[in-house]
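The following note sets out points on strand pairing, helix packing and salt bridges. Please read them alongside the coordinates.

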Amino acid sequence: MLKFRHRLTLIFIFFIGLSNIAAGVFTITVMRDSQIHALEEGLAERLEMYLATVDWDYVSEQSIDGEMFRKEAARMSRKTGARVTFFAADGAVLGDSAGAAAGEGAEPPPEIERAKGGSPGTHVRRDPSGEGQTMYVAMPASYGSAGVGYVRFGESMQPLDAETRRIAAYFGAGLVVILLVTALIAYRMSLSLTGPIEKMTRVAYQITNMNYRARVSISNKDEIGQLGHAINKMSESLQYQMNQIQEDESRLKSVLDNMTSGVLMVDREGKLVLLNRSAEEFLGFSSAELLGQRYTLAKTQQELTRMIAECFQRREPLRGEVVFHYPEERTLDIHAVPMTIAEDAYAGILIVLHDITAIRRLERMRSEFVANVSHELKTPIAAVKGFAETLLGGAASDPATTKSFLQIIYDESERLNRLIGDILDLSKIESKRVPLHYSPVEMKTFVENIFHMMSPEARKKGIALEASVGQDVYIEADEDRLKQILVNLLSNGITYSHDGGRVRVFVEPIVDQAERPEEYERVRITVQDFGVGIPKKDVPRIFERFYRVDKARSRVSGGTGLGLSIVKHLVELHKGTIRVESELGMGTSFVIELPVLQ
């Protein structure tokens, strides 16, 4: 398909060529008509002049053998250069300079017929010889004593035709030059018109391909320049609007992806069209697996599918609590809300999934805590009450029995006091109402002081305390709370170790490959015993409050069941981590990692 500039150039050439051809044809036609008219008038004038001056008596005297008319026609033809013919009154040829015989012609020619009215008769026709056209002018004439008839002058139009052809050739050559110049000018004009349009077209295509930075570079001030300026303004407006849309979309996507709640959207046809990152985690499937599928066919939980179907049917908000068992057990609070757009048109359903697993776990832990506290308090109170009733019932008369019972009452009250103290301490630690006073702690001396404090308890069971602490290992911590952590762990290690066993404490800096040995940011503290160990099923719950692996032995040891829970919360207050590694019958290791600087 021809480009617009080429079509415009051809249109210019066509119309200018057509107008020039029409003007040339008109000019040549008018000029030829004028020349023909001039030739006709010239022949007529010469004929009239001849008729006015001819002496027929003299012509008759000079005639030989009756060839007056032929001789006169030949003589006049030589003088005028025209073909001269004499006709009788009936139109018969009397003499002809071209050599036609007398009486030749069955019918008089058209010019003779026209001259019969008394005015000159004119006619143009092609000669039988085919050498071109000839113009004839005839007039009535009186031949004197020879009678009356017509005299006709004829002149060939070949010179006129040649002149016409020459003028037409000049005109054709000029037309070619004009068309070439017109083509050049028209192409330049069309280029000046279509060039900016093509630029605007390219910019428009770039805009459709989302390149909103494209601009039209046109300096014209005419309508095309105004159109280019309008396109630039439109592009700027689209760029601004798309930037706003992209910013809003990015902001919305960021909000959705970083929401802790899961968000799903189902359109009016029942297809999943939106799924954020939290929803993927809750459902255990990626958006690529679920988007575009109907909610009944998608890999979603049965309870969720049922709620969506019910919301589609009722078209009113629904709320429910559902337990998901895949990919992990979660308790989710599900809100399903019908969506509407303009003019209350139904658009689908928005589902929001809130993870309330921690809340339900906390509620369960609180319930268990109350039950455990009640249970733990009930035992010493019951013991104190029982022995007090026994003493009041008459056992006080026996001093030995009284002393034994009073000792038991004292021990149980001490255990009760420790339990209440641990509960209050744990409550303060969990609520972060315990102020920490950080100071540099030199770990080697710190561990030696704790060993000195715990050695009496260790000697009772023949437990050996061993330490391996690097030189010049310092951390920034609350010394009293750090002592509480290690004392609790050592006490557990001594309690659950066999008689004659050992408990080890390792303190070492954690050095990454990119760091030098003297540059470290964390310190690892390991408390290891070789006692009874912890079953694998109990390891995840070892830091829960009041959780005991061996409840009978724990009561004999006098433990409250809160020590490890306190340790865990104190470590977390120091921005550290704690984990346990244990094998049943082989011993247990508690590994603490703390930052050097708080």
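1. Asp 529 has Thr 588 of strand 17 as its bridge partner. Strand 15 (residues 522-529) and strand 17 (residues 587-595) pair in the antiparallel sense, over eight bridges. Strands are DSSP runs of E with at least two residues, helices are runs of H or I with at least four, and both are numbered from the N terminus. Two strands count as paired if DSSP finds at least two bridges between them.

2. This is a predicted model, in which local features need pLDDT of at least 70 and side-chain atom pairs count only at pLDDT 80 or more, while totals for chains, interfaces and linings use all residues. Residues are numbered from 1 along each chain as its sequence is written, and side-chain values use heavy atoms, with hydrogens and water left out.

3. Five strands form an open sheet of mixed pairing, in the order 12-14-15-17-16. Its edges are strand 12 (464-469) and strand 16 (577-583), each of which pairs on one side only. On average, neighbouring strands of the sheet are turned by 15° against each other, direction ignored. For angles, axes are lines fitted to C-alpha atoms, for helices over the stretch in contact, and values run from 0 to 180 degrees between N-to-C directions.

4. Helix 12 (residues 443-461) packs on this sheet and touches strand 12, strand 14 (502-510) and strand 15. The direction of helix 12 makes about 175° with that of strand 12. Contact here means heavy atoms within 4.5 Å. Helix 13 (residues 479-495) lies across strand 12, strand 14, strand 15 and strand 17, and runs at about 25° to strand 15.

5. How do helix 13 and helix 15 cross? The axes of helix 13 and helix 15 (residues 563-573) come within 9 Å and cross at roughly 145°. The crossing is left-handed, a term for a near helix turned anticlockwise from the far one by less than a right angle, with clockwise being right-handed. Residues making the contact include Ile 485 and Leu 489 of helix 13, and Ile 566 and Leu 570 of helix 15. By class, the contact has seven nonpolar, four polar and one charged residues. Nonpolar covers Ala, Val, Leu, Ile, Met, Phe, Trp, Tyr, Cys and Pro; charged covers Asp, Glu, Lys and Arg; the others, Gly among them, are polar.

6. A search of the whole structure finds 30 salt bridges, each defined as a side-chain nitrogen of Lys or Arg within 4 Å of a carboxyl oxygen of Asp or Glu. One of them joins Asp 96 and Arg 83 at 2.5 Å, N to O. Asp 96 lies in strand 2 (residues 93-96) and Arg 83 in strand 1 (residues 83-88), so this pair ties together parts that are 13 residues apart in sequence. Asp 96 is buried at 3% relative accessibility, whereas Arg 83 is partly exposed at 28%. Buried means under 20% relative accessible area, exposed over 50%, and partly exposed in between (1.4 Å probe, protein chains only).

7. Glu 236 and Arg 215 form a further salt bridge, at 3.9 Å, N to O. This pair links distant parts of the chain, 21 residues apart: Glu 236 is in helix 6 (residues 223-258), and Arg 215 is in the loop between helix 5 (158-208) and helix 6. Glu 236 is partly exposed at 38%, and Arg 215 is partly exposed at 32%.

8. Glu 328 and Arg 330 meet in a salt bridge at 3.4 Å, N to O. Here Glu 328 is partly exposed at 45%, while Arg 330 is buried at 11%. Elsewhere, salt bridges that share partners join Glu 508, Arg 522, Arg 524, Arg 579, Glu 581 and Glu 593 into one network.
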